[in-house]
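Reader: Can you walk me through this one? I'd like to go helix by helix, then look at a few loop residues.

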Amino acid sequence: RDVINAVLAEQATNPYRAYIGIQELSQWVQREDWEAILDGFARCVRITRGEQERYSIDPSLFEHDEERYLYEAYQEAYSKLDGGNVDAFLNAFEPMLPAVTAYFDTVLVNAEDEKLRHNRIGLLQAIGAMQDGRADMSLLVGF
């Protein structure tokens, strides 16, 4: 039921596309590595949920290699979305997991410096937006 709600939250206006999205997400949640995939994505979204503003990303502000690594992984993943459905999103996001983990192990997102903090939040917001039009992953059990 949570899979249906997650997809309908983003695709209710297109029943056939939603049906395909539900089928795709149903397959993903049955995978052995699903918990790690969902948790990696959830880490990016949960920390930015309370933000009222959308922040841009300025790569020149990156202080850590892990920021650059995550940004490069995001750019690669985003280039593969191409308007696809849930499969496109999750197939693009899954290879980002090592970069996401390294980022959160090394980088303090809520830095005191406002420019750094906004830049870091902006990167995570961009990653979170990869789900837009596909599924609201926050509605899934375990998010």
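This is a predicted model: local features need pLDDT of at least 70, side-chain atom pairs count only at pLDDT 80 or more; totals for chains, interfaces and linings use all residues.

Reader: Where does Asn85 sit?

Author: Asn85 is in the loop between α4 and α5. Its relative accessibility is 8%, so Asn85 counts as buried; the cut-off for buried is under 20%.

Reader: Which residues is Asn85 in contact with, leaving aside neighbours within four places in sequence?

Author: Gln11, Arg17, Ile20, Gly21, Glu24 and Arg134.

Reader: Gln11, then. Which helix is Gln11 in? And what does Gln11 touch?

Author: Gln11 lies in helix α1. Not counting residues up to four places away, Gln11 touches Arg17, Ala18, Gly21, Asn85, Val86, Gly133 and Arg134. Gln11 counts as buried because its relative accessibility is 2%.

Reader: How do α1 and α2 pack?

Author: Helix α1 covers residues 2–11 and helix α2 covers residues 15–28. They pack at about 145°, and their axes are 9 Å apart. The crossing of α1 past α2 is right-handed.

Reader: Which residues of α1 and α2 meet?

Author: On the α1 side: Val3, Ile4, Ala6, Val7, Leu8 and Gln11. On the α2 side: Pro15, Arg17, Ala18, Gly21, Ile22, Leu25 and Ser26. By class, that contact has nine nonpolar, three polar and one charged residues.

Reader: Switching to α5. How many of the residues of α5 are buried?

Author: Six of the eight, so α5 is largely enclosed by the rest of the structure. The buried residues are Val86, Ala88, Phe89, Leu90, Ala92 and Phe93.

Reader: What covers the buried residues of α5?

Author: The cover includes α1, α2, α3, α4, α6 and α7.

Reader: And α7? How many of the residues of α7 are buried?

Author: 12 of the 15 residues of α7 are buried, so α7 is largely enclosed too. The buried residues include Leu116, His118, Ile121, Leu124 and Ile127. Covering the buried residues of α7 are, among others, α3 (34–46), α4 (65–79), α5 (86–93) and α6 (97–106).

Reader: How far apart are the end C-alpha atoms of α7?

Author: They are 21 Å apart. Helix α7 runs over residues 114–128, and at 1.5 Å a residue its 15 residues should span 21 Å, so the two values agree.

Reader: What caps the N-terminal end of α7?

Author: Asp113 does. One of its side-chain oxygens lies 2.9 Å from the backbone nitrogen of Lys115.

Reader: Now the loop between α6 and α7. What is Asn110 in contact with, outside four places in sequence?

Author: Asn110 lies in that loop. Leaving those neighbours aside, Asn110 is in contact with Ile47, Arg117 and Ile121. Asn110 counts as partly exposed because its relative accessibility is 45%.

Reader: How far is the C-alpha of Asn110 from that of Arg120?

Author: The separation is 7.9 Å, and the two residues are 10 residues apart along the chain.

Reader: Last one, Asp82. Is Asp82 buried or exposed?

Author: Exposed, with a relative accessible area of 74%. Asp82 is in the loop between α4 and α5.

Reader: What about the phi of Asp82?

Author: The phi of Asp82 is positive, about 45°, although Asp82 is not a glycine.

Methods:
Residues are numbered from 1 along each chain as its sequence is written. Side-chain values use heavy atoms; hydrogens and water are left out. Helices (H or I, at least four residues) and strands (E, at least two) are DSSP runs, numbered from the N terminus. The expected span of a helix is 1.5 Å times one less than its number of residues. Buried means under 20% relative accessible area, exposed over 50%, partly exposed in between (1.4 Å probe, protein chains only). Contact means heavy atoms within 4.5 Å. A polar contact is a pair of N or O atoms within 3.5 Å; within protein, one must be able to donate a hydrogen and the other to accept it, and residues adjacent in sequence count only if both atoms are side-chain atoms. Axes are lines fitted to C-alpha atoms, for helices over the stretch in contact, and angles run from 0 to 180 degrees between N-to-C directions. A crossing is left-handed if the near helix is turned anticlockwise from the far one by less than a right angle, and right-handed if clockwise. Ala, Val, Leu, Ile, Met, Phe, Trp, Tyr, Cys and Pro count as nonpolar, Asp, Glu, Lys and Arg as charged, and the others, Gly among them, as polar.
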